[in-house]
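Me: Could you take me through this model, with the cut-offs behind each term?

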Amino acid sequence: MNLTLQVWRQPASAANGRFVTYQVRDVSPDMSFLEMLDVLNQQLILAGDEPIAFDHDCREGICGSCGMVIDGIAHGGQRATTACQLHMRHFKDGDQLTLEPWRASAFPIVKDLVVDRGAFDRIIQAGGYVSVSTGGVPDANAIPVPKESADRAMDAAACIGCGACVAACPNASAMLFTGAKVAHLGVLPQGQVERSRRVLAMVAQMDEEGFGGCTNIGECAAVCPKEIKLDVIAQLNRDLLRASLR
Amino acid sequence: MAAAAIALYRSSIGKKAVMAITGIIGYGFVIMHMVGNLKMFEGRDGFNHYAEFLRTVGEPAVPERTLLWIIRIVLLVAVTAHVTAAIQLTRQGVAGRPTGYRVKRRVQANFASLTLRWGGLALVLFLIYHLAHFTFGVAHHDFVRADPYHNVVSAFSNPAIVGVYLIAVAALAMHLFHGVWSMFQTLGLNRPSTDRLWRGLAVISALGLFAGFATVPLSVLGGLIR
Ligand code: HEM
Ligand code: SF4
Ligand code: FES
């Protein structure tokens with residue numbers, strides 16, 4: 001199939017960007033979206049042009065590196081799918097697609113479709129961990145974890161930190177990401193000691209980074225490739241209110 | 001405690017909690033107000049007695065209009081806090097995305113959730129008009145201070161005024177269609193097991209309030225109340 005892409009090109013953070021139109025020919029339906037961009041980049045390099053910069057690493061949908069807004073939807077229109085796992089069979093010959101980077105003041109553009117998601121790292125640094133004593137490996141099941149808590153923690157821990165939730169939110173809010181991290185640790189026994197301190201510090205950092213507030217619209221959960229649900233935001237609210245008013 | 005409350009308000013979640021609590025106050029008030037309006041069907045004496053009752057309830061233990069003023073002050077504080085937090089959060093949200101997308105498609109968001117801010121603005125404007133209309137009478141063409149029944153009937157004989165009120169109660173219904181569910185979520189009172197309950201309450205609240213508030217103006221216009 002042949003596609004027309006309108007891609008955001010921006011040489012550097014401080015530079016002005018613009019949309020550039022490209023034709024990509026003979027795209028196989030078996031390619032992933034990123035492989036289709038590899039083909040385009042190959043053409044650009046052969047023609048002596050600068051290839052399009054985009055983030056990627058695992059290409060298996062597990063690392064959270066990739067991500068771009070494909071025709072108005074973060075990671076494209078397939079549910080629960082990262083851009084690297086999006087396959088070209090979902091598109092058809094003659095499609096015109098617009099590719100844009102995540103847009104948020106907390107995610108400055110580095111180049112083209114690559115943004116700096118350091119804000120997420122700083123939210124994690126603020127409290128997204130549990131402190132454990134060093135020493136011998138503890139016995140398995142030394143700390144009993146209720147099955148329900150283990151399941152909830154696993155669901156929340158699936159977040160790969162891709163930033164699609166921020167990109168999709170009309171307020172550029174990071175509540176789904178922060179909620180996933182707070183819920184993941186907050187429902188486990190190991191996370192209890194630092195539970196209050198953690199939520200206060202992570203929310204303070206989240207606001208500090210310049211993300212917007214949450215209006216409970218739910219576009220975040222709808223585009224999340226790991227299907228993190230809005231209930232982690234309710235838990236984040238619950239934990240923050242409890243920690244603040246203790 | 002005061003320091004903790006100020007620190008909480010500084011966070012976006014704290015501001016949202018203020019919106020949710022003041023929203024509950026407003027939600028409770030509009031339900032009582034809607035039920036009170038239906039006393040129009042009890043005729044001139046029934047409705048005016050009810051208005052009189054609101055003025056004199058608690059007498060002689062407390063002076064006339066005590067309850068009325070308590071309600072007014074609580075509502076004024078609640079609306080002021082609600083709107084202040086709304087403006088602060090809106091500014092934070094707008095600053096969060098200085099450059100928009102060229103193409104943006106919504107996946108599941110509905111009209112009500114996306115228009116909360118515009119709906120809120122419409123409600124502020126309506127509130128000012130509504131107070132000038134029925135409370136102070138300055139926006140009323142034939143205002144009689146001691147006869148609220150007359151004021152309602154003479155106002156809603158005009159289809160244009162009925163239209164304005166229908167638009168306003170539709171805006172209120174839209175606001176609460178999202179808002180009632182949202183406030184449980186904001187206060188951390190929503191769980192996977194309660195989600196459908198609060199969504200349902202929001203839908204029923206929106207439909208019920210729209211029907212209840214629309215009944216009186218339409219009944220006057222249709223000649224059922226005269
Ligand atoms: C009859 C009066 C009103 C009632 C009963 C009401 C009720 C509510 C409720 C229950 C919420 C949900 C709170 C939450 O998400 O936790 C809400 C949100 C909101 N209201 Fe109102 N409201 C009223 C008037 C207004 C007015 C006059 C404005 C004008 C600025 C406004 C602006 C907003 C905004 C912007 C939100 C979303 C807040 C956010 O999620 O960031 N509301 N309202
Ligand atoms: S919550 Fe979902 S969309 Fe947001 S960063 Fe985590 S995986 Fe990505
Ligand atoms: S490249 Fe790792 S998730 Fe897409």
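The questions below turn to the ligand site and then to the domains.

Reply: This is a predicted model, in which local features need pLDDT of at least 70 and side-chain atom pairs count only at pLDDT 80 or more, while totals for chains, interfaces and linings use all residues. Residues are numbered from 1 along each chain as its sequence is written, chains are lettered from A and ligands numbered from 1 in the order in which they are written, and side-chain values use heavy atoms, with hydrogens and water left out.

Me: How many residues surround ligand 1?

Reply: Ligand 1 lies between chains A and B. Counting a residue as near if one of its heavy atoms lies within 4 Å, the closest include Lys16(B) and His82(B), and the number that surround ligand 1 is 26.

Me: How far is an oxygen atom of ligand 1 from an N or O atom in the side chain of Ser182(B)?

Reply: The side chain of His175(B) has an N or O atom 2.8 Å from a nitrogen atom of ligand 1. For Lys16(B), the distance from a side-chain N or O atom to an oxygen atom of the ligand is 2.9 Å. For the side chain of Ser182(B), the corresponding distance to an oxygen atom of ligand 1 is 2.4 Å.

Me: Which residue forms a salt bridge with Arg79(A)?

Reply: Between domain 1 and domain 2 of chain A the count is one salt bridge, meaning a side-chain nitrogen of Lys or Arg within 4 Å of a carboxyl oxygen of Asp or Glu. With the closest N and O atoms 2.4 Å apart, the partner of Arg79(A) is Glu227(A).

Methods. A polar contact is a pair of N or O atoms within 3.5 Å; within protein, one must be able to donate a hydrogen and the other to accept it, and residues adjacent in sequence count only if both atoms are side-chain atoms.
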